[in-house]
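Okay, thanks everyone for coming. Let's get the picture up on the screen and then walk through it together.

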Amino acid sequence: MFTGIIQAVASIAALRDQNGLRTFTLDFPEGFCQDLAIGASVSTDGVCLTVTEILSPTRATFDVMLQSLNITTLGGYAVGGRVNVERAAKDGAEIGGHPLSGHVDFTSPVLEVASSDTNHRIRFGIPEGFRHYVFAKGYIAINGASLTVSEVDRQAGWFEVWLIPETRRMTVFESKGVGDLLNVEIDRSTQVVVDTVRETVQQSLGRLQPVLEALLKEKGLSLDDFIDVPKLPG
């Protein structure tokens, strides 16, 4: 498990392809690899990767299978690229963000960026199948960073986040521009609640659900607009 608090930015030192695998060699800042062992997990731009070899106190390798290369942004990376990294959380660790699995749900394009000295706003696209999991003031993980959704428009298919200067300093977001793809993991607790509510509504409405959905669509609404996701204790 990860907390979504990015601990460092690593650089890609080498890439090697073999039999459906791509081996990433990453260079880390001093101290990041202290007590790091083969088999340990490291979130790399939001993707949970396993250490396969430790080459030096600041360098380690990771094997990425074909499926992960295809469904995340890792397949498009090149030597010299920079990535957000976080070590797996230890028992009793403070959860400064929210619990993450490191399993990416989809990649999202940057639609708009607005920046000033103290504020940085990024608008992302949302695939239709995931729009009902994104709520204003809810959690979302982007390239492994736990962020709060500031605004969402499900009809138009976008959401926004605002980054404070410290987040900009500690992550790769400052270098991202319109058209860039980033890895997104939705909040699992929100997903469970939404799916449970939707299943309950479907069972209750039965054959009336398609009729109601059609009527709401004419008004520019959907059933999701009436689902109030409760905050889980945590």
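I'll talk about the strands to begin with, and then the charged pairs. One thing to keep in mind: what you see here is a predicted model.

Let's zoom in on one pair. Strand β2, residues 21–27, and strand β5, residues 59–65, run antiparallel and are joined by 7 bridges.

Now the charges. Side chains of opposite charge can pair when their charged atoms come close. How many salt bridges does the structure hold? There are 9, and I'll show you a few.

Here's one I like: Asp105 forms a salt bridge with Arg188, and their closest N and O atoms are 3.1 Å apart. Where do the two partners sit? Asp105 is in the loop between β6 (82–87) and β7 (106–115), while Arg188 belongs to helix α3, residues 188–205, so this pair ties together parts that are 83 residues apart in sequence. As for the surface, Asp105 is partly exposed at 23% relative accessibility, and Arg188 is partly exposed too, with a relative accessible area of 27%.

Next, have a look around Glu112. Arg121 makes a salt bridge with Glu112, with the closest N and O atoms 2.9 Å apart. Is Arg121 buried or exposed? At 13% relative accessibility, Arg121 counts as buried, whereas Glu112 is partly exposed at 30%.

Glu112 also forms a salt bridge with Arg123, and there the closest N and O atoms are 3.8 Å apart. Glu112 lies in strand β7 and Arg123 in strand β8, residues 120–125, so this pair ties together parts that are 11 residues apart in sequence.

And which residues are linked in a network of salt bridges here? Glu112, Arg121 and Arg123, along with Glu160.

That's my tour, so over to you for questions.

Note on methods:
Residues are numbered from 1 along each chain as its sequence is written. This is a predicted model: local features need pLDDT of at least 70, side-chain atom pairs count only at pLDDT 80 or more; totals for chains, interfaces and linings use all residues. Side-chain values use heavy atoms; hydrogens and water are left out. A salt bridge is a side-chain nitrogen of Lys or Arg within 4 Å of a carboxyl oxygen of Asp or Glu. Helices (H or I, at least four residues) and strands (E, at least two) are DSSP runs, numbered from the N terminus. Buried means under 20% relative accessible area, exposed over 50%, partly exposed in between (1.4 Å probe, protein chains only). Two strands pair if DSSP finds at least two bridges between them.
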